[in-house]
Amino acid sequence: MVRRIFIDGEAGTTGLGIRARLQAIPEVALCHVPPEHYKNPEARAAAMRAAELVVLCLPDAAAREAVAIVDSLGPERPKILDASTAHRTAPGWVYGFPELSPEQESLIAKADRVANPGCYATGAIALLHPLIAAGLLPPSHPLCISAVSGYSGGGRSMIAAHETAGGPAFELYALELEHKHLPEIERYAPLSRRPIFLPSVGHFRQGMLVSIPLHLDTLPSRPKAADLAAALAAHYRSAKRVRVLPAEAGGRLEPQALNDTDVMELFVFGNEARHQAVLVARLDNLGKGASGAAVQNVLLMLGLPDRMALSVPEKDTVHA
């Protein structure tokens, strides 16, 4: 049985990545709208009506409008996977991070509306949620989250700035401390105290590092770095796309090692003498941070087998 999917906004970076992955799945057929009708509500509604699932790769306001179109289609309306920020903390939407908890994958599979996570949020939540669930990190602990991403995550204008004009080698942004991924990080970590989030962009197309420093002697249980690594390893023991790895020798990580893959690696770097640790997530902002995560959710929502190629060599993992 062929499952029909419509990608609303397939010409963008995330949409193109989703389309390429879905075209490799034999059970899937894509519905299309001609480019000249991308903004035509009637043409989009017709494509949605023909589809079993609609993937939204749109700005937030346009995503909300698209949901309204789906709602107008009546009881036979398709399921929705929204890759925008619009519905990540909205009532009635399931958060599309299957590795969040033992039951999350089942919730996604049963859902009619799923919100794909943000790329930065994927790394931050992957690091924080297991430690908070294990009681090693209080939800109220003051945190600073730093991250660097390739410029492809910034949309067409940033891509053009880097690929035609050279772009800056590195820049901090969102220094007003109101980044759009913060609400989902707070909700799903979960945190009762808003963290400081410092995102940045480097002059490379794709790849991402998310890091969180910790003073271990300020935590109530005074854990060691090994305790944090063990908690992460226990949480992700059965996960295909999330791997907890030993801290790399020399204390260095570069952000592009997982480019063109749909996996994420987690590390805990520690200095026991100083009672300090740094949690790090490494992922492709276009893979597990966007298109790869979306297709993972699509497969769950449609009950299709997961045959996605992870395209990264197996490495030794940390054992709980």
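Predicted model: local features only at pLDDT ≥ 70, side-chain atom pairs only at ≥ 80, totals over all residues.
Colleague: Which residues have the most contacts inside the largest nonpolar core?
Modeller: A nonpolar core is a set of buried Ala, Val, Leu, Ile, Met, Phe, Trp, Tyr and Cys residues joined through side-chain atoms within 4.5 Å. Buried stands for under 20% relative accessible area, exposed for over 50% and partly exposed for what is in between, with a 1.4 Å probe and protein chains only. Of the 46 residues in the largest core, those with the most contacts inside it are L128, L228 and L266.

Colleague: Which element gives the most to this core?
Modeller: Elements are DSSP runs numbered from the N terminus: helices (H or I, at least four residues) and strands (E, at least two). Those giving two or more residues to this core include β7 (144-150), β10 (208-215), α8 (225-235) and β12 (264-271). With ten residues, the element that gives the most is α5.

Colleague: At what pLDDT do side-chain atom pairs count in this model?
Modeller: Residues are numbered from 1 along each chain as its sequence is written, and side-chain values use heavy atoms, with hydrogens and water left out.

Colleague: How much space lies in the largest pocket?
Modeller: On a 1 Å grid over the protein atoms alone, a pocket is an open set of points where a 1.4 Å probe fits, with protein on both sides within 12 Å along at least five of seven lines; lining residues have an atom within 4 Å of a point. Points are joined across faces, edges and corners, and the volume is the space filled by probe spheres set on them. For the largest pocket this comes to about 1,200 Å³.

Colleague: Which residues that line the largest pocket are the closest to its centre?
Modeller: By class, the lining has 18 nonpolar, 20 polar and nine charged residues. Nonpolar covers Ala, Val, Leu, Ile, Met, Phe, Trp, Tyr, Cys and Pro, charged covers Asp, Glu, Lys and Arg, and the others, Gly among them, are polar. Of the 47 lining residues, the closest to the centre are G12, T14, C57, L58 and P59.

Colleague: Why do Y120 and F197 count as the kind of pair they are?
Modeller: Rings of Phe, Tyr and Trp (its six-membered ring) pair if their centres lie within 6.5 Å; planes under 30 degrees apart are stacked, over 60 edge-to-face and the rest tilted. The structure holds three such pairs. The centres of Y120 and F197 are 5.2 Å apart with planes at 75°, so this pair is edge-to-face.

Colleague: Is A111 buried or exposed?
Modeller: A111 lies in the loop between α4 (104-110) and β6 (113-115). Not counting residues up to four places away in sequence, A111 touches K79, V94 and M301. Because its relative accessibility is 8%, A111 counts as buried.

Colleague: What is the phi of D260?
Modeller: D260 sits in the loop between β11 and β12. At 60% relative accessibility, D260 counts as exposed. The phi of D260 is positive, in a residue other than glycine, and is near 65°.

Definitions and conventions:
Contact = heavy atoms within 4.5 Å.
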